[in-house]
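Thanks for coming. I will go through one structure, starting with its pocket and then moving to the chain as a whole.

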Amino acid sequence: MPPPDPQPGGHRSPQGRTAARNSVVWDALLEVLRETTAAVLDIGGGTGGFAVRVAELGHQVTVIDPSPDALAALARRAEESGVRDLVTGQQGDLASLLDLVAEGSTDIVLCHGVLGVVDDPAAALTTIARALRPGGTLSLLVGQRHAAVVARAMSGHFVSAKELLEHPDEGAEAAASPRRFTADQIVAVLDESGFDTTAVHAVRVFADLLPGSLVDLEPGASQALVELERAVAERPEYLTLATQLHVLAARRS
Ligand SMILES: C[S@@+](CC[C@H](N)C(=O)[O-])C[C@H]1O[C@@H](n2cnc3c(N)ncnc32)[C@H](O)[C@@H]1O
């Protein structure tokens with residue numbers, strides 16, 4: 001089996017559809033991480049899919065997550081990747097963040113796939129802002145509201161698609177899954193919480209809609225899909241089609 005494709009910075013990139021799902025987020029993160037050697041906090045970092053790759057670039061990463069199982073998997077992954085000394089796992093959650101991390105102590109916070117499951121997103125973002133130093137960067141990944149309606153319709157669940165369309169914030173369909181945001185909503189809540197948004201990226205515009213056979217079996221399709229996802233990531237007209245939104249925001253001074 002050939003080795004995974006190298007990426008800038010020397011770390012390895014994931015393959016196939018996973019690469020298409022993560023490439024836009026990872027490209028944006030690399031831009032931020034290249035500028036400095038940073039103290040990085042990955043809140044809800046889980047098993048370290050991002051954290052370990054960030055550590056492979058030489059950054060010190062602390063993962064805070066409520067799940068002991070996830071933290072155990074993180075430790076194994078860091079060990080296997082040779083970055084055990086750069087990765088620290090701590091059990092905790094967004095509500096207890098400031099008991100674990102000194103205020104203003106962090107250069108970069110990753111908060112990927114977590115804001116949708118907390119009760120009060122604005123309060124959670126305000127807590128993250130306090131953990132960051134002024135001017136520090138937040139990398140935020142959230143579900144995008146309109147794509148959930150499309151995804152249900154594409155899988156033949158037309159009634160639940162319509163229910164979610166008409167009642168995005170309440171009802172059984174909304175309650176059954178994490179909260180999702182429109183681009184305008186997430187920029188507004190960030191502003192309210194002390195952040196200036198510097199970039200909003202459309203993530204997974206095509207990757208989640210395609211049959212796996214098109215991506216995994218066709219030679220070269222995976223890389224072509226990565227390039228397509230990159231090509232639309234900064235086009236505002238594609239934000240409403242994206243499964244996720246990736247936002248970079250700076251803590252206001
Ligand atoms: C969808 S996973 C995302 C994992 C990782 N950030 C990624 O992008 O691969 C959500 C993670 O958030 C954690 N989590 C759930 N509630 C949380 C909370 N209130 N504060 C912090 N993390 C939480 C879960 O244990 C899980 O590891």
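The largest pocket holds about 390 Å³ of space. A pocket here is defined on a 1 Å grid over the protein atoms alone: it is an open set of points where a 1.4 Å probe fits, with protein on both sides within 12 Å along at least five of seven lines. The grid points are joined across faces, edges and corners, and the volume is the space filled by probe spheres set on the points.

Before going on: this is a predicted model, in which local features need pLDDT of at least 70, side-chain atom pairs count only at pLDDT 80 or more, and totals for chains, interfaces and linings use all residues. Residues are numbered from 1 along each chain as its sequence is written, and side-chain values use heavy atoms, with hydrogens and water left out.

Which residues lie nearest the centre of the largest pocket? They are G143, Q144, R180, T243 and Q244, out of 25 lining residues, where lining means having an atom within 4 Å of a point. Strand β5 (132-143) and helix α6 (145-154) each supply at least two residues of that lining. The largest share, 5 residues, is from α6. Helices (H or I, at least four residues) and strands (E, at least two) are DSSP runs, numbered from the N terminus.

By type, the lining has 13 nonpolar, 7 polar and 5 charged residues. Nonpolar covers Ala, Val, Leu, Ile, Met, Phe, Trp, Tyr, Cys and Pro; charged covers Asp, Glu, Lys and Arg; the others, Gly among them, are polar.

Now the whole chain. It has 11 helices and 7 strands. Its radius of gyration is 18 Å, close to the 18 Å that the globule rule gives for 253 residues, so the chain is as compact as a globular protein of that length. That radius is taken over C-alpha atoms, and the rule is 2.2 Å times the number of residues to the power 0.38. The C-alpha trace spans about 45 × 45 × 35 Å along its principal axes. Of the 253 residues, 46% count as buried. Buried means under 20% relative accessible area, exposed over 50%, and partly exposed in between, with a 1.4 Å probe and protein chains only.

Next, helix α11, residues 221-232. At 1.5 Å a residue its 12 residues should span 16 Å, and its end C-alpha atoms are 17 Å apart, which agrees. The expected span is 1.5 Å times one less than the number of residues. Where are the buried residues of α11? They are A221, S222, L225, V226, E229 and V232. They cover an arc of only 140 degrees around the axis, which puts them on the same side of α11; the arc is that of the directions from the helix axis to the C-beta atoms.

E234 is exposed, at 64% relative accessibility. E234 and H201 are 33 residues apart in sequence, yet their C-alpha atoms are 5.4 Å apart.

Last, the loop between β6 (195-203) and α10 (212-216), which holds P211. At 45% relative accessibility, P211 is partly exposed. R204 is in that loop too, and its phi is near 60 degrees, a positive value in a residue other than glycine. Most residues other than glycine have a negative phi.
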